[in-house]
Amino acid sequence: MSAPMALSVRGLSKNFGAISVAKSIDVDLEAGARVGLIGPNGAGKTTFVNLLTGFIRPDAGEISLGGERIEGLKAEERVRRGLARTHQINTLLTEENARDNVAIAIAEREKFAWRMMRCKPQWRQCLEEAQARLEAIGAGAIGDRRVSLLPYGQQRLLEIAIGLALKPRVLLLDEPAAGIPSSETHLIHEALDRLPADIAILIIEHDMDVIFRFAKEIIVLFQGAVLMRGAPADIAADPQVRAVYLGRTVV
Amino acid sequence: MSAPTPKPTSPLGEMTGPGRFSLVGHALPWLVIAAFYFLVDDYLGLGTQVMIWVLFALSLDLALGYAGIVTLGHAAFYGLGAYAAGIFSIHVSQDPILGHFFAIGVTALFGLLSGALILHTTGVTFLMLTLVIVSIMFEIGNQARGLTGGDDGLQGIRLDPIFGVFDFDLWGHTAYIYTAVVLFIWFVIAWRLVHSPFGRSLDGIRQNARRMRAIGTPVWWRLLAIYTISAAMAGSAGALSAHATKFVGLSVLSLLTSGVVTVMLILGGTRRLYGAFIGAAIYYIVQEWTAQISPYFWEFVVGIMLIATVLFLDGGLMELGDRGARLLGGRRRAGGGE
């Protein structure tokens with residue numbers, strides 16, 4: 001294959017004291033990939049995302065983004081190179097309205113955010129794009145509303161909108177449907193269906209409906225190591241996977 | 001844009017935090033400052049002091065209010081600015097403008113270096129380090145008698161007329177106007193700063209630094225930048241104090257000075273800029289009036305006011321204005337509300 005992978009991970013390892021939370025993990029995401037990452041609680045899924053995004057330093061391993069090595073970079077530098085994430089627990093700016101949350105991310109992407117004087121046209125441009133992005137994800141109506149007053153499902157949508165606003169090459173979705181009442185899961189399903197085709201996406205999710213609908217490939221993580229990877233149907237049928245994980249849930 | 005474009009914001013642009021200002025709201029404090037000059041001639045010295053504290057509180061609002069840098073060390077910058085301006089006038093040049101810029105430069109540099117040293121920490125650790133820095137500065141000011149006059153204070157400051165024209169008169173007319181102009185310039189800078197994309201990112205860092213890193217914000221650099229600007233501003237206030245009184249007392253570097261400016265800011269309201277005006281003014285007015293009753297009484301009154309403010313007025317005394325405006329049928333901010 002000539003073109004470099006959107007994201008390529010080799011031998012990623014991390015120990016917390018004697019506990020190994022990531023054991024030589026290898027993962028490849030090609031452009032436009034839709035990969036699901038599953039595993040029981042404590043398997044190291046969120047740790048893996050934190051390692052990828054630079055919120056935790058790995059002990060060993062290589063991470064390449066579009067062929068460029070990034071494991072030595074800080075979290076914010078990785079974001080600027082095209083690796084974005086959403087958080088399992090919302091980390092929104094709760095005092096701002098939804099549109100400003102997206103606009104602040106756009107200002108950062110466009111490198112307006114160092115501007116100290118008012119520069120209205122640039123900020124207006126950020127606001128307009130922010131509104132367009134909210135509409136694209138089916139949340140155009142919440143732009144004016146203060147985030148702390150939004151229902152949880154809408155906040156989850158906003159997390160995704162902010163991730164997309166960074167125009168990432170790779171987007172890591174950390175449990176986008178977590179905590180959403182079942183009456184609102186369709187919002188997330190629709191948002192996921194509308195994600196741009198060229199972005200490589202790694203999705204972590206406990207909700208198997210979401211995973212099996214969305215992912216073309218699934219990686220099973222168990223005790224910090226990749227247990228298995230394959231097509232969703234194969235994963236669902238695998239006895240070992242069922243034993244460690246799926247067996248405890250209704251598929 | 002087509003369809004439901006963003007709702008046009010008010011003419012004053014996109015605000016952060018609570019409080020939108022009408023033109024009247026903007027004009028009011030400056031009209032008061034101008035009126036004071038013409039009406040209360042006997043108290044110009046007091047008015048100058050209040051404006052200097054307003055500027056100092058304004059500098060703290062940038063760091064503490066907007067960026068969420070919880071510091072008790074701002075007296076280090078205020079005091080350093082005062083000493084720098086005073087020492088410059090004694091040993092180098094009596095030009096007040098030159099001395100003022102020198103003081104700003106020195107404090108900005110000190111803010112940059114001390115910020116670089118301690119801004120990687122947060123919370124209580126950071127607070128302790130700011131206390132350490134201001135304590136060290138105090139002790140240096142105390143020990144370096146040859147330069148600072150130690151606890152006798154720095155005396156013998158002499159100033160040329162501003163631009164060679166406006167002499168610092170005994171009645172404080174020049175000092176008052178000079179201070180008002182400097183305050184206005186800094187206020188405009190601060191206002192534009194907090195409403196810029198840079199200011200929005202600081203507000204974001206205060207609310208959730210992790211979120212800001214996740215959208216690619218170099219959090220440490222942003223904080224260092226505003227810390228430096230805030231230091232320069234506090235140093236400017238110190239320089240004004242040295243010039244207006246032609247004296248620098250060691251107390252400018254004391255922890256109590258940091259405490260007083262923090263009380264003023266919280267009393268008036270953080271993240272509002274004009275909160276610094278209200279807080280410093282009220283503090284001084286209460287001090288003047290109640291001290292006539294008993295020399296210790298004013299601290300009691302200020303204490304009660306502070307407790308009441310913190311308990312009942314989330315946004316400081318400025319909140320009272322907001323509530324009043326709302327009662328009068330002012331438009332509620334879209335998506336806002338406390």
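Begin by selecting Leu37(A), which stands opposite Ile204(A) in β8(A). This is a predicted model, in which local features need pLDDT of at least 70 and side-chain atom pairs count only at pLDDT 80 or more, while totals for chains, interfaces and linings use all residues. Residues are numbered from 1 along each chain as its sequence is written, chains are lettered from A and ligands numbered from 1 in the order in which they are written, and side-chain values use heavy atoms, with hydrogens and water left out.

Buried denotes under 20% relative accessible area, exposed over 50%, and partly exposed in between (1.4 Å probe, protein chains only). Arg34(A), Gly36(A) and Ile38(A) lie on one side of β3(A), with Val35(A) and Leu37(A) on the other.

Two strands pair if DSSP finds at least two bridges between them; strands (E, at least two residues) are DSSP runs, numbered from the N terminus.

Then select strand β9 (residues 217-222) of chain A, also parallel to β3(A) over four bridges; here Glu217(A) is the bridge partner of Val35(A).

Move to strand β7 (residues 170-174) of chain A, joined to β8(A) (residues 200-204) by five bridges, with Leu173(A) partnered by Ile203(A).

Finally, display the whole open sheet, ordered β6-β7-β8-β3-β9-β10 (chain A) with mixed pairing. β6 (83-85) and β10 (225-230) of chain A stand at the edges, each with a single partner strand, so one side of each is left without a neighbour in the sheet.
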